[in-house]
Amino acid sequence: MINFDQMIDNHLHKENRPKEIGRYYPSEIGTCMRKVWYSYKFPMETNPELLKVFELGNILHDFVVKVLKSEKNPDVELIKTELPFRQEIEDFLVSGRIDNIILIKASGKNILVEVKSTGNIDFVEEAMHHNKIQLQLYMHVTGIHNGILLYVDKRNLKSKVFPVNYNEEDALKIIDRFKVLNKLLKTDALPDPEARSGKESLWMCRYCEYRDKCYKEDPSSPRWL
Ligand code: SF4
């Protein structure tokens, strides 16, 4: 017999390459600054279960592309998918991939579509802050000031769409966040435990692989429990 679980683990296994200070990612900048900082200074092997969750997300992205390309959806045209994104700022680089650009034929409008998979769409009542930040940056750099966040349920393919309004001031603040991260990494200065600063971000600590380290360093601020 074959052990297919093991075969999946083998297939998904990747050598852990430490992240390079000076190269940053739009998908991370809206999350906890301290967690991002730790991920550069103390890289960790990605848990095989998490690799499977990421892979499911990739599979779902491919499915969304098929739906956007389908001739059974003639009102929408898929212009680009997995578009590489690179932006040099001061002495560092921000790089990522824009999921999709579509054209709404009736209005002639181009729209950036960022796809996020979710475990239960019923709990998604609004777009998540860190996802909006990522899209805001893409809108700023591409000049395409129409964007939507598309959440798709991994269990049943149900979806919800949230438009995100472009705001130049917000986009510039995001660029400033990259500058702060770059400086804190280069000067070896630990950021504040940002996700613990408010109730709405405390959930991030629950999924944070650096939780023990972070609480040891700052035991006083709130716990996620
Ligand atoms: S435990 Fe919370 S505050 Fe600390 S690094 Fe992780 S997400 Fe940030």
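Biologist: Where is L157 in this one?
Modeller: In this predicted model, L157 sits in the loop between β5 and β6 (159-165), and its phi is positive, about 65 degrees, although L157 is not a glycine.

Biologist: And is L157 buried or exposed?
Modeller: L157 is exposed, because 12 other C-beta atoms lie within 10 Å, and the cut-off for exposed is 12 or fewer.

Biologist: What about E90, what is its phi?
Modeller: E90 also has a positive phi, about 45 degrees, without being a glycine; E90 is placed in the loop between β2 (76-89) and β3, and E90 counts as exposed because it has 11 C-beta neighbours inside 10 Å.

Biologist: Switching to the inside, which residues of the largest nonpolar core touch the most other members?
Modeller: That core has 33 residues, and L112, L135, Y138 and L181 are the ones that touch the most other members. Elements giving two or more residues to the core include α2 (33-41), β4 (109-118), α4 (129-142) and α5 (168-186), with α4 giving the most, five residues.

Biologist: What does L181 touch, leaving out residues up to four places away in sequence?
Modeller: With those left out, L181 touches Y24, M33, V36 and W37.

Biologist: Now the ligand: which residues come nearest?
Modeller: Of the 14 residues around the ligand, those that come nearest are C32, P193, C205, C208 and C214. The elements supplying at least two residues each to this shell are α2, α6 (203-206) and α7 (211-217), and the largest share, three residues, comes from α2.

How values were computed. Residues are numbered from 1 along each chain as its sequence is written. This is a predicted model: local features need pLDDT of at least 70, side-chain atom pairs count only at pLDDT 80 or more; totals for chains, interfaces and linings use all residues. A nonpolar core is a set of buried Ala, Val, Leu, Ile, Met, Phe, Trp, Tyr and Cys residues joined through C-beta atoms within 7 Å. A residue is buried if 20 or more other C-beta atoms lie within 10 Å of its own, exposed if 12 or fewer, and partly exposed in between; C-beta atoms are placed from the backbone. Helices (H or I, at least four residues) and strands (E, at least two) are DSSP runs, numbered from the N terminus. Two residues are in contact if their C-beta atoms, placed from the backbone, lie within 7 Å. A residue is near a molecule or strand if its C-beta atom, placed from the backbone, lies within 6 Å of it.
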